[in-house]
Amino acid sequence: MAGILATLRDNTSPGWCLGRLRACPPSLALALCLAVVFAIRCFSLLPHHDMGCDIANYLGTTNIFFGQDPAGFGLDRPPLIALPLRAFTLAFGDLTGVKLLGILVSVTIGVPFYLLAKRVSPPWIASLVAVLFVLTPAYSDMLTWGYITMFGILFGLLTLHYFLRLLDKPSQVDILLTGLFASLVVGFHQLSLAFYVPFFLLV
């Protein structure tokens, strides 16, 4: 019994906990935190029937993109939202699929945010900052009035990450990925160009 108590005392000491924390990669801790945030948002948002009127526009864009346009008006917004949304709606149904896609994008943004923050801060601080950004109320509220802007932020941050890698050490892979994600910004949320084009010109 004394041996068990001694083991428990050793395994719960501050030094042991600090050692375990250091052994855990910051990227793994970030992934676990983002998974928890994803689960919480699913629990809080999926039961509600409404998540902003824009989700109806996304579903309409998807139908038009795949040839279902009874009104004959054509596309009036960037079309590439239709590709991931079609996959999600086929897998989970229209209402659940359009919500899950938004929740997933809102959480995934933490990854490029972490990659950029790691350039100017230690990995653990970068991981913490990325999670705090995802939890920011002003950012989280974007889910309630349309999340297509989140796609612009996500691909914009990825473009910036690979562009900076390109400046550090040019490679064909980074050139390809920079161009790919920049193109996705246009295809998902072209209004983001009003910010990113002047920014990249300054860089």
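F66 counts as partly exposed, because its relative accessibility is 37%; partly exposed lies between buried (under 20% relative accessible area) and exposed (over 50%), with a 1.4 Å probe and protein chains only. The model is predicted: local features need pLDDT of at least 70, side-chain atom pairs count only at pLDDT 80 or more, and totals for chains, interfaces and linings use all residues. Residues are numbered from 1 along each chain as its sequence is written, and side-chain values use heavy atoms, with hydrogens and water left out.

**Around F66**
- F66 sits in the loop between α4 (54–65) and α5 (82–92).
- Together, F65, F66 and L83 make a nonpolar surface patch of about 260 Å².
- Such a patch joins nonpolar side chains (Val, Leu, Ile, Met, Phe, Trp, Tyr) within 5 Å, from residues with over 30% relative accessible area and no salt bridge (a Lys or Arg side-chain nitrogen within 4 Å of an Asp or Glu carboxyl oxygen).

**Helix α10**
- Helix α10 covers residues 148–168.
- Its 21 residues should span 30 Å at 1.5 Å a residue, counting one less than the number of residues.
- The end C-alpha atoms of α10 are 31 Å apart, which agrees.
- In α10, 16 of the 21 residues are buried, so the helix is largely enclosed by the rest of the structure.

**Whole chain**
- The chain has 12 helices and zero strands, assigned as DSSP runs (helices H or I, at least four residues; strands E, at least two).
- Of its 203 residues, 37% count as buried.
- Among contacts (heavy atoms within 4.5 Å) with a separation of 6 or more, 67% join residues 24 or more positions apart.
- The chain exposes about 11,600 Å², and carbon and sulfur atoms supply 72% of it; areas come from the Shrake-Rupley method with a 1.4 Å probe.

Note on methods
Patches are made of residues with over 30% relative accessible area and no salt bridge: like charges are joined within 9 Å, nonpolar side chains (Val, Leu, Ile, Met, Phe, Trp, Tyr) within 5 Å.
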